[in-house]
Amino acid sequence: MARPRKPLLSRERIVAAALALIDEEGLAALSTRRLAAELGVSGPSLYNHFATKEAILDAAADTVVTQVDLSMFGDGRDWRQALLDWGRSYRAALTDHPHIVPFLAVGPGLRPAGLRMADAVFGGMVEAGWPPAQATRIGALMRYFVTGSALGSFAAGFVGDAEVYDPADYPHLGQAHLLAKHQRQIDDGAFETGLRALIDGLAVQFPG
């Protein structure tokens, strides 16, 4: 019987393996040598598809951004609802891949999906009546808020030992040891509170 052929190496396979490695072990784990080993190929073969490790990182980051829903811009939704819906989708994509968030936080660069997202948000705000300069600031503000919320968990930063929070030292942290058990509820609730407050604040400034 013929031996089964290995799947051909492709950009898609390389990016999927890189993102899986980052998801599991973090950005520091990604190297061309490690990635080649994960794919069962020689290191130089990766360079037939990507010139540098940074190019692989860019492609992996852009893959995450393709998961963000942009349909709310241009479909008739009010700009407030559009920002709410986009912000939720944006954060969901990032929290699915938290280890790549620090790389994504530096901006879209030349990544096509990142540029499409910037274009959609800016265009949606301008079409809603925001001046271009302010529309740019809104896009930046939302990115700061969403990426910041996805960088880590507030609730998970508290240990589960009640004795750590001696009331003599921390009179208001008597329930802090319970926070980590409710991490998702607290972090999601904090994001939603902040997102709504941010948009409510923008609404006060709306020129229309």
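Colleague: What is the relative accessible area of Ala133?

Modeller: This is a predicted model, in which local features need pLDDT of at least 70, side-chain atom pairs count only at pLDDT 80 or more, and totals for chains, interfaces and linings use all residues. Residues are numbered from 1 along each chain as its sequence is written, while side-chain values use heavy atoms, with hydrogens and water left out. Ala133 lies in helix α8, where helices (H or I, at least four residues) and strands (E, at least two) are DSSP runs numbered from the N terminus. On a scale where buried means under 20% relative accessible area, exposed over 50% and partly exposed in between (1.4 Å probe, protein chains only), Ala133 is partly exposed, with a value of 43%.

Colleague: How far apart in space are the C-alpha atoms of Ala133 and Arg111?

Modeller: Along the chain, Ala133 and Arg111 are 22 residues apart. In space, C-alpha to C-alpha, the separation of Ala133 and Arg111 is 22 Å.

Colleague: Which residues does Gly129 contact, leaving aside its neighbours within four places in sequence?

Modeller: Gly129 lies in the loop between α7 and α8 and is partly exposed, with a relative accessible area of 38%. The C-alpha atoms of Gly129 and Leu173, which are 44 residues apart along the chain, are separated by 45 Å. Contact means heavy atoms within 4.5 Å, and, with those sequence neighbours left aside, the residues in contact with Gly129 are Phe206 and Pro207.

Colleague: Against which helices do the buried residues of α9 pack?

Modeller: Helix α9 (residues 183-205) has 23 residues and reaches 33 Å from its first C-alpha to its last, close to the expected 33 Å, the expected span being 1.5 Å times one less than the number of residues. Its buried residues are Asp187, Phe191, Leu195, Leu198, Ile199 and Leu202. An α-helix has 3.6 residues a turn, so residues three or four places apart point the same way. The helices against which the buried residues of α9 pack are α5 (79-95) and α8 (132-150).

Colleague: How far apart in space are Thr193 and Ser89, C-alpha to C-alpha?

Modeller: Thr193 has its place in helix α9 and is exposed, with a relative accessible area of 55%. Ser89, in contrast, has its place in helix α5 and counts as buried at 16% relative accessibility; leaving aside neighbours within four places in sequence, Ser89 is in contact with Gln67, Val68 and Asp69. Thr193 and Ser89 are 104 residues apart in sequence, and their C-alpha to C-alpha distance is 16 Å.

Colleague: At roughly what angle do the axes of α1 and α4 cross?

Modeller: Axes are lines fitted to C-alpha atoms, for helices over the stretch in contact, and angles run from 0 to 180 degrees between N-to-C directions. Angles under 35 degrees count as roughly parallel, over 145 as roughly antiparallel, 65 to 115 as roughly perpendicular and the rest as oblique, and α1 and α4 are therefore roughly perpendicular to each other. Their axes come within 9 Å, and the crossing angle is roughly 80 degrees.

Colleague: How many nonpolar residues does the contact of α1 with α4 have?

Modeller: The contact is made by Ile14, Val15, Ala18, Leu19 and Ile22 of α1 and by Ile56, Leu57, Ala59, Ala60, Thr63 and Val64 of α4. Ala, Val, Leu, Ile, Met, Phe, Trp, Tyr, Cys and Pro count as nonpolar, Asp, Glu, Lys and Arg as charged, and the others, Gly among them, as polar. By this division there are no charged residues and 1 polar residue, and the number of nonpolar residues is 10.
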